[in-house]
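This briefing accompanies the sequence and structure shown below.

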2 protein chains.
Amino acid sequence: MHESLTIGQLSARSGVAPSALRYYERLGLIRAERTGGNQRRYARTELRRVAFIRISQQVGVSLDEIREALDSLPSSRNPTPDDWAALSRAWRDRLDEKIRLLGKLRDDLDGCIGCGCLSLQRCTLYNPEDSLASEGPGARLVLPRPAADVTAG
Amino acid sequence: MHESLTIGQLSARSGVAPSALRYYERLGLIRAERTGGNQRRYARTELRRVAFIRISQQVGVSLDEIREALDSLPSSRNPTPDDWAALSRAWRDRLDEKIRLLGKLRDDLDGCIGCGCLSLQRCTLYNPEDSLASEGPGARLVLPRPAADVTAG
DNA sequence: CTCCAAGTTGAAGCGCACTTCAACTCAAGG
DNA sequence: CCTTGAGTTGAAGTGCGCTTCAACTTGGAG
């Protein structure tokens, strides 16, 4: 068992395409050492970072926000499970909120569609304040492709 | 009170930018009559279609899929509440599924992050089969901005 | 040594859902 | 009429999260 992983190995283990991993590195989400020949070598702890990235994306967090979150990890020492848990707690809150809002949307859909209020602005489905929060331009409530899909490339 | 709405009026009432409404029309999601001077005039029923589009987006459905769904509405007669309810039922199922999966993700996150398995492929968070289903490339589990805002999507 | 899969780079392209722009026309009030 | 705000078009631009490409280098097996 080796100390470090090549980009192909990290890709295979994380299910994230090499091109995506390079992209993450450009954005500062992960880091890599270099060999004499300039090839990337990843510490095993990067696996966890990649896992966190993918999971966070499923929760609906942008790469930019994920970067900010990862920046809060201690850089001097290896992050402990506690460090990761702290990071995850905020994500969990987001999940809870998201679940709550989707439940509300579902209930509203039941009550709303049939009654004809769908066209009214006061319909709760149209109320931005208590509706699903904005995540900024370009964002969609759509689920990312599964890791396996991306992998092969 | 008028029979038809201008694009500005539909925009104001739906919270969707005129440019987005034109875009929806190009994609075949909504329709408009034209005045002698070539300006769009929307039947009031289009309001409901726009509402359905925005709500569907919040549920995570792509415009392409929404178009398919709207195509199932009767074109000969005005859609009844029952027609709309039938349309919404499928969306409701999607919502239920989405809620279920997010709940699972949350529970897994709790059990997973702290225990160190985050880096393991067998982690349920990494299991594509029972994870959140793919919605195609480019898609994200991120919530759209509220209707009142820029819209969008 | 040779070979070639696997790695490297910057730049360009893609898909979605729009927005912006320029250049123009329409519609309604004064 | 004239003005002005609202509407029209096609084309191009935006932002995100990547992928693809061309041209080239590395590194490990045989």
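Strands (E, at least two residues) and helices (H or I, at least four) are DSSP runs, numbered from the N terminus. Residues are numbered from 1 along each chain as its sequence is written, and chains are lettered from A, with ligands numbered from 1, in the order in which they are written. Local features need pLDDT of at least 70 and side-chain atom pairs count only at pLDDT 80 or more, while totals for chains, interfaces and linings use all residues; side-chain values use heavy atoms, without hydrogens and water.

**Strand pairing in chain B** 

- Strand β1 (residues 4–5) of chain B runs antiparallel to β3(B), and two bridges join them; strands count as paired if DSSP finds at least two bridges between them.
- Five residues separate the strands in the hairpin of β2(B) and β3(B), where B:Asn38 takes a positive phi near 75°.

**Strand pairing in chain A**

- In chain A, β1 (residues 4–5) and β3 (residues 40–43) run antiparallel and are joined by two bridges; A:Ser4 has A:Ala43 as its bridge partner.
- Two bridges also join β2 (residues 33–34) of chain A to β3(A) in antiparallel fashion, and A:Glu33 has A:Arg41 as its bridge partner.
- The hairpin of β2(A) and β3(A) has five residues between its strands, and A:Asn38 in the turn has a positive phi of about 75°.

**Helix α4 of chain A**

- In α4(A) (residues 63–71), A:Leu63, A:Ile66, A:Ala69 and A:Leu70 are buried, that is, under 20% relative accessible area (1.4 Å probe, protein chains only).
- These residues are on the same side of α4(A) because they cover an arc of only 115° around the axis, taken from the directions from the helix axis to the C-beta atoms.

**Confidence in chain A**

- The average pLDDT (the predictor's confidence in each residue, from 0 to 100) is 74 for chain A, and 71% of the residues score at least 70.
- Confidence in chain A is highest in helix α2 (residues 18–27), at 98, and lowest in helix α6 (residues 147–151), at a mean of 29.
- Over residues 127–153 of chain A, pLDDT stays under 50, and the model has 91 contacts beyond four places in sequence for them; contact means heavy atoms within 4.5 Å.
- Where pLDDT is low, predicted coordinates should not be read in detail.

Terms used
Buried means under 20% relative accessible area, exposed over 50%, partly exposed in between (1.4 Å probe, protein chains only).
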